Amino acid sequence: MPYFELKKDDTTFPPAYFADIEGLLAVGGTMSVERLLLAYNSGVFYWHYPLKHIKWWSPDPRIVVKPESFEIPESRWESLNKEFTVTVDTDFEQVLRGCQQVYNIDGQMDNRWLTERMVRMFTELHSIKKAHSVEVWKDEKLVGGLFGVAIGKLFFGEYLFSTVDGADELAVLYLINKLKNQNYRLLDMQKQTFFLPDIDYDEMGRLEYVDICKENALQYKDVPTEF
């Protein structure tokens, strides 16, 4: 199935069910905070090679975590918390730079590359309290963390990094626990840069996922996001 080509002034996405078998829905369009928020609310995410056009995806199934039913492994949780200290939104930029150091490897400019343009986009989202970070520290040094976008009761994971074993796992478990306590409905874990094989996840059909995103967008349109 052919994908859609978006014009720079397009303000909508085609229906997610038009995505091809790999999940590619559309290519092009202007990258902006407004378009990113529209994508999240439409069940779509960006994923592209840094020297090529923006690509917009809506795969089927979607990889998610349902915080309400997720069981935190108590022994692992206690062990990791003894080794590290965790903060939230303490140093958003340093987390972004940590992700760049992990994924922006010379000679491997692939779709995991975190460009300066996207750093600016996420920093702007952070300034309006849409993007958030979890930082993991050891001996007062940042050794891991994650960031993503929160809208209503959905959290869309973007990037995760670790320089010490276990720091990335604690960041994700801390996030899930926080979302669970605040009655978040879903944590999107679709991207390769946010995936941990040791975390139990669920698969959700595209149509159900898109419906949840749109319902969430309408319900929390004028309501500040709690995080």
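Me: How many helices and strands are there in the chain?
Reply: Happy to count them with you, counting DSSP runs from the N terminus (H or I of at least four residues for helices, E of at least two for strands). This is a predicted model, where local features need pLDDT of at least 70, side-chain atom pairs count only at pLDDT 80 or more, and totals for chains, interfaces and linings use all residues. Residues are numbered from 1 along each chain as its sequence is written, and side-chain values use heavy atoms, leaving out hydrogens and water. The chain has 6 helices and 11 strands.

Me: What is the radius of gyration of the chain?
Reply: The radius is taken over C-alpha atoms, and the globule rule is 2.2 Å times the number of residues to the power 0.38. For 227 residues that rule gives 17 Å, and the chain comes close to it, so it is as compact as a globular protein of that length. Its radius of gyration is 17 Å.

Me: Why is helix 5 largely enclosed by the rest of the structure?
Reply: Buried means under 20% relative accessible area with a 1.4 Å probe, protein chains only (exposed is over 50%, partly exposed in between). Among the buried residues of helix 5 are Leu170, Leu173 and Ile176. Helix 5 is largely enclosed because its buried residues number 11 of 15.

Me: How far apart are the end C-alpha atoms of helix 5?
Reply: The expected span is 1.5 Å times one less than the number of residues. For the 15 residues of helix 5 (residues 167–181) this should be 21 Å, which agrees with the model. The end C-alpha atoms are apart by 21 Å.

Me: Which residue just after helix 5 takes a positive phi?
Reply: Look just past the end of helix 5. The phi there is about 60°, and the residue is Asn183.

Me: What share of the residues in the chain is buried?
Reply: The count covers the 227 residues in the chain. Buried residues make up 54%.
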